[in-house]
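The paragraphs below are meant to be read with the sequence and the structure side by side.

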Amino acid sequence: MNTADIRSFYARRSHLLILLFVVFASAIFVSCESDSSEDSSSESGSDASTEFQPFDNVAPALLGDDAEIKNRYPGVAIFDFDRDGDLDFYVTSAEVGAPIEQARGESNKLFRNDDGSYVDVAEEAGVGAPAHNSSAVAACDFNNDGYQDLYIGAMGRVGDDLDYGSIERGSELEFIAGDRLYINQKNGTFTNATERWFGDLVNIRSVGSLACGDVDNDGWLDLYVGNRSDVDFTSFNHASHPGHYNTMYLNSGGSSFADITTDAGLMAPPIVMRDSFGDPIIFPEGAEEGQGFEGFDPDHLDANGNTGGDPAGETWATLFFDHDDDGDVDLWLADDGDRLKVYRNDTSASDVRFTDITAPMGIDQSGAWMGFALGDMDGDADLDMFITNIGFHPVTRDQNNQPGGACSYAANFQWGTCYHYLLRNDGTARVPSVGTIGVFPDVAWSTHVEPSAGSPPPSLDPAEVNPFWRTPTGVAAYDFGFGTAFFDYENDGDQDLYWLGAIIAPGEGPRGFLFPGYGRMLLNDGDTTFTDVTVESHLIDSRDVDYTYTAPNQVGFDRLEQRIGPEFHENGKGLAKGDLNGDGFADLIGTNSSGEKFNESGDGTHLVDGPLMVWMNGGGTNNWITLRLKGRQGIDGSGSNADGIGARVFLTAVGNDGDPLKQVQDVLGSSTFLSMNALDLTFGLGGADEVDEIEILWPSGRTQTLTDLKINQVLEIEEPEA
């Protein structure tokens with residue numbers, strides 16, 4: 001959001017707020033309990049069904065004790081590791097506990113899909129990594145052999161008061177805190193190839209996110225590692241807000257990586273930390289600007305006397321995405337307590353180069369940026385973006401005047417915000433001395449959301465908002481988020497939006513209610529508005545929710561008895577989407593942190609595990625098609641990378657009104673907070689009885705067109721020869 005947008009938003013008044021709390025549930029959502037004997041939209045030429053069926057969290061029944069995760073930052077990747085045609089998934093665990101002697105070593109989990117049942121085969125597959133403090137995970141085919149490999153980031157050892165500068169190469173601590181690369185052996189097992197691929201360049205900082213993308217279009221997937229900060233040195237209530245430098249690795253032809261961060265222009269800029277007059281806060285105290293560090297105190301040392309952290313942001317999400325449609329992937333970074341960053345890919349045949357264009361794009365506000373979701377929210381055949389933030393919570397509390405990384409401090413000024421971004425893709429523009437930039441205005445405040453009757457956000461009530469702030473509207477009025485995804489819930493042809501997230505494990509005291517989030521499912525109404533169906537969709541990120549009644553106008557509805565609301569939140573973190581059961585409807589996997597349980601006084605009482613949510617989509621009668629791309633590098637060593645990551649796919653079918661329905665999706669090797677979506681692209685078709693055309697723009701520059709395709713199938717598509 002740029003300065004003009006903020007002033008415009010703050011000048012508005014919310015004329016419809018009074019109406020928001022008197023809307024009956026029947027006007028808010030479409031019933032999930034309609035007569036199943038009604039006409040099915042899968043019939044040729046029939047209309048699309050506007051109904052949706054609720055999700056079902058099958059994790060407890062499907063996974064048993066394995067549905068409980070011990071990890072502060074659990075990530076999840078959905079992928080077909082054994083290439084048997086169905087989707088498996090990988091979840092990261094960690095050493096959990098403080099002090100160190102109470103830590104519990106936990107193996108990561110690789111759940112193999114065996115005809116709908118899931119078996120943890122991580123140990124026999126060689127990817128258990130029990131002594132590794134794992135965090136983010138990416139499943140990408142780095143050697144183009146047709147099988148996805150696993151890159152697993154680490155977060156360091158919690159409670160040892162040592163930052164990465166105190167980690168000696170080859171030491172036990174490096175074994176715990178260093179990232180790992182496991183190469184798929186195509187026989188159900190993986191080999192730890194970290195040393196061979198990285199040597200002394202292995203990342204030993206604290207990983208928050210990963211992104212795979214072919215930055216130079218040579219057919220080999222490169223890797224960007226987004227680092228956060230060591231947990232022992234993370235600070236949001238002090239003007240020193242250290243992070244860790246990120247790393248850009250270039251794939252040297254399927255056998256090793258080279259660190260090109262500095263040469264590519266991707267060395268992190270200084271942290272933005274200003275006082276109430278707008279002047280930089282410089283460390284060491286008394287240093288002149290240009291001589292010291294803005295927002296970073298180099299005199300804050302670890303237990304070995306090494307500096308704690310770097311003068312860089314805390315990166316939580318990374319995204320390779322060709323936002324300016326010039327045929328190469330650009331880089332978007334979401335930093336927690338610093339500014340959003342967008343780097344345009346200006347790579348030439350001989351030089352990999354990125355240019356920071358965030359400020360010219362007008363979206364360089366500081367916030368608690370955490371997760372990316374990419375999808376066409378308005379049906380205009382280009383890709384828009386949702387970026388999660390803290391949400392409305394700070395505006396319901398006292399103003400924060402303490403300089404620090406908290407967005408509640410930055411939001412006092414025009415350069416900061418705690419609200420989510422909903423960035424509409426309006427194409428590109430030319431700026432003198434800058435060149436081409438993307439045009440992405442923030443429309444979060446103006447995008448209407450019909451609120452949930454069963455659990456509306458309290459920010460919609462002006463009485464709940466501190467008089468210092470304007471009452472938020474639209475998507476901006478909604479709560480905390482980490483992991484997020486656009487997907488077509490009911491396969492009606494438009495992109496819906498889900499996110500989850502919270503800080504601090506659930507508890508009765510104020511600490512457990514710091515930033516509660518229990519998930520939000522926004523159903524796209526097809527007219528650039530949304531309806532909150534979180535309760536009706538059964539996607540509340542909480543344990544033991546009773547969904548018997550979903551709205552206050554139903555006799556028997558009792559929000560507290562049914563555990564509907566933020567009081568019962570879990571500690572949501574990662575999110576990934578993929579069609580786990582092969583029915584053509586996207587399913588979701590959400591992870592939750594383990595951590596301390598708190599009493600009414602705010603004291604930690606004991607450790608609790610984080611539940612893994614495997615939400616199976618209830619399906620429906622709308623038609624669909626799933627595309628599985630295969631680049632020629634996995635066939636004959638030419639063309640695009642084996643999985644077609646970076647490809648853009650346009651689909652055209654006849655809509656229910658007889659007009660062409662055009663959709664677009666990208667194959668992404670970077671998805672959201674800590675986690676990675678399946679690479680398959682599922683398109684909802686509503687009542688369309690065939691797909692008229694599919695156009696694929698491959699990373700190699702080749703274009704492919706297919707016509708007159710059957711619906712309700714998984715279609716594997718090979719990149720054409722040159």
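Leu 575 has Gly 590 of strand E33 as its bridge partner, in a model that is predicted. That contact belongs to a pairing in which strand E32, residues 572-578, runs antiparallel to E33 and is joined to it by five bridges.

What does the covering of strand E33 look like, residue by residue? The strand spans residues 587-592 and is mostly covered, with six of its six residues buried. Asp 587, Ile 589 and Thr 591 point one way from the strand, while Leu 588, Gly 590 and Asn 592 point the other way, and residues of both groups are buried.

Elsewhere in the chain, five strands form an open sheet with mixed pairing, and their order is E27-E31-E30-E29-E28. The edges of this sheet are strand E27, at 449-450, and strand E28, at 484-487, each of which pairs on one side only. Within the sheet, strand E30 (residues 520-524) and strand E31 (residues 530-532) are paired in the antiparallel sense over three bridges, and Asn 524 has Phe 530 of E31 as its bridge partner.

The remaining sites concern the backbone itself. Most residues other than glycine have a negative phi, and most peptide bonds are trans. Against that background, the bond joining Phe 283 and Pro 284 is a cis peptide bond, with omega at about -10°, and Pro 284 lies in the loop between strand E15 (282-283) and strand E16 (293-294).

Asp 544, although it is not a glycine, has a positive phi of about 55°; its place is in the loop between E31 and E32, and it is exposed, with a relative accessible area of 67%. Asn 712 likewise is not a glycine and has a positive phi of about 55°. Asn 712 sits in the loop between strand E43 (703-709) and strand E44 (714-718), where it is partly exposed, with a relative accessible area of 34%.

Methods: Residues are numbered from 1 along each chain as its sequence is written. This is a predicted model: local features need pLDDT of at least 70, side-chain atom pairs count only at pLDDT 80 or more; totals for chains, interfaces and linings use all residues. Side-chain values use heavy atoms; hydrogens and water are left out. Two strands pair if DSSP finds at least two bridges between them. Helices (H or I, at least four residues) and strands (E, at least two) are DSSP runs, numbered from the N terminus. Buried means under 20% relative accessible area, exposed over 50%, partly exposed in between (1.4 Å probe, protein chains only).
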